[in-house]
Amino acid sequence: MKQIIFALWAGFMLIALPLRAEVDIQEITTPDGHSAWLVEDHTIPFMSLNLAFKGGASLDAPGKRGATSLMMALLEEGTGDMDARAFASAVDALAASFSYDARDDAVTISARMLSENRGEALKLLRGALVKPRFDQSAIDRVRKQVVSIIQSSQKDPSDIAMTAFDAATFGDHPYATSSDGTVDSVTALTRDDIQDAYKGAIATDRVYISAVGDITAAELTQLIDDLLRDLPATGAPMPQQAQLEMAPGIFVTPFDTPQSVAVFGHSGIKRDDPDFFAAFVANTIFGGGGFNSRLMDEVREKRGLTYGIYSYIGIKDHAEIIAGQFSSANDRIADAIDVVKDEWRRFAEEGVTQEELDEAKTYLTGAYPLRFDGNGPIANILVGMQMDDLPTSYIATRNDKVNAVTLEDINRVIKRLYRPDALHFTVVGQPAGL
């Protein structure tokens, strides 16, 4: 019954909360020195809590790739005298929800809970966070699951293409390899490796915290100190900046598939660059705006060379790229690549029109409030803002920054940023004519 109530309340929240980008954020500092952002909403007895620890899978020790990802998957496998089954049953009985994730630059923990069960739910979360069991039986079982995922990705042309693109782009940086690791690296991981990854990734010198829902600032202050007390104070050193090594040209990885997959791009722009918003709007026009983008129009709509194509601005903590991806029949992939190259050059040389700029602004400013559709998404956004070193006022001013981009701004930035002669293509398949 509690699970049903939780689902109904969670669903109601998505309907009841106004879709707006006006969020009243409180900044709090706990007696133990932790900072957090809070959005109070007492209309429903429910709270979302997000924790992010900067560093992530990029902190894997040499030869131990996949340790951080495996470690995060093991946090839900028991604590104290509770094994994995007992822990899962206890969480379920409280109608709570915990999720754990490892990305290149952060490990994250998201929790959702009813107000009436908050104390008991947080005891469980603290146990998973501060005293994970890392039973060998759980390690062996979850390791098999991870190895199965890796083996499956080795048969997926899109995964193969992205792996090859990353390897060509990031050289000897951790970004060059999958955060899941390889079959060999994951198979070789020991319990000591998992514990080392835990100590390196989950430490209070790199934590970012947000909470949204039925909780006060005073309650959250106490909650945070109770939750994080006894964690390591410092973690592993952060990685160095990646030196991008992608060479211009087309590089083919043979693979038996009827459609080839192409990943393309070159170096990009930092998030704190004064020209970032102009670059952001430019990418929306070029390949990030779905069916309204130039790439979609030229490659799919006019020529029928693909079902879908997109581009994006990829910003990691230690590298920046502009990239994109599409797939096409083996006998048509060469033509599609030629169109992408031509459009990249035309975009760089001619820029955009005022009509394109106005349409992109309307799309971006209209879509932004839709992201704030519940406690969980808002809590996730708040943590991301903190990690990007954005002020609490960003939510209110973001659309103003989009609207402030002028035609002169965007075309100047396009000339600076889009470099057709630097384009790198990684192609996986059996492409004809390449």
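Student: In this predicted model, at what angle do helix H10 and helix H15 pack?
Tutor: About 70°, and their axes are 10 Å apart. H10 covers residues 276-288, and H15 covers residues 394-403.

Student: OK, so what do we call that arrangement of H10 and H15?
Tutor: Angles of 65 to 115 degrees count as roughly perpendicular, so H10 is roughly perpendicular to H15.

Student: And is the crossing of H10 and H15 left-handed or right-handed?
Tutor: The crossing is right-handed.

Student: Which residues make the contact?
Tutor: H10 brings Phe277, Phe280 and Val281, while H15 brings Tyr394, Arg398, Lys401 and Val402. Five residues of that contact are nonpolar, two are charged and none is polar.

Student: Switching topic: which residues touch the most other members in the largest nonpolar core?
Tutor: Those are Leu49, Met71, Phe98, Leu129, Ile202 and Leu220, out of 58 residues in that core. Helix H4, residues 118-130, gives the largest share, with seven residues.

Student: What does Phe98 touch?
Tutor: Leaving out residues up to four places away in sequence, Phe98 touches Phe87, Val91, Ser110, Ala111, Met113, Ala121, Leu124 and Leu125. Another core, of 56 residues, lies apart from the largest one and has Phe286, Ile309, Ile378 and Val413 among its members.

Student: Back to helices. How do the axes of H2 and H8 cross?
Tutor: At roughly 90°, coming within 9 Å, so this pair is roughly perpendicular too. On the H2 side the contact uses Ala67, Thr68, Leu70, Met71 and Leu74, and on the H8 side Asp193, Ile194, Ala197, Tyr198 and Ala201.

Student: How do those divide into nonpolar, polar and charged?
Tutor: Eight are nonpolar, one is polar and one is charged.

Note on methods:
Residues are numbered from 1 along each chain as its sequence is written. This is a predicted model: local features need pLDDT of at least 70, side-chain atom pairs count only at pLDDT 80 or more; totals for chains, interfaces and linings use all residues. Side-chain values use heavy atoms; hydrogens and water are left out. Axes are lines fitted to C-alpha atoms, for helices over the stretch in contact, and angles run from 0 to 180 degrees between N-to-C directions. Helices (H or I, at least four residues) and strands (E, at least two) are DSSP runs, numbered from the N terminus. Angles under 35 degrees count as roughly parallel, over 145 as roughly antiparallel, 65 to 115 as roughly perpendicular and the rest as oblique. A crossing is left-handed if the near helix is turned anticlockwise from the far one by less than a right angle, and right-handed if clockwise. Contact means heavy atoms within 4.5 Å. Ala, Val, Leu, Ile, Met, Phe, Trp, Tyr, Cys and Pro count as nonpolar, Asp, Glu, Lys and Arg as charged, and the others, Gly among them, as polar. A nonpolar core is a set of buried Ala, Val, Leu, Ile, Met, Phe, Trp, Tyr and Cys residues joined through side-chain atoms within 4.5 Å. Buried means under 20% relative accessible area, exposed over 50%, partly exposed in between (1.4 Å probe, protein chains only).
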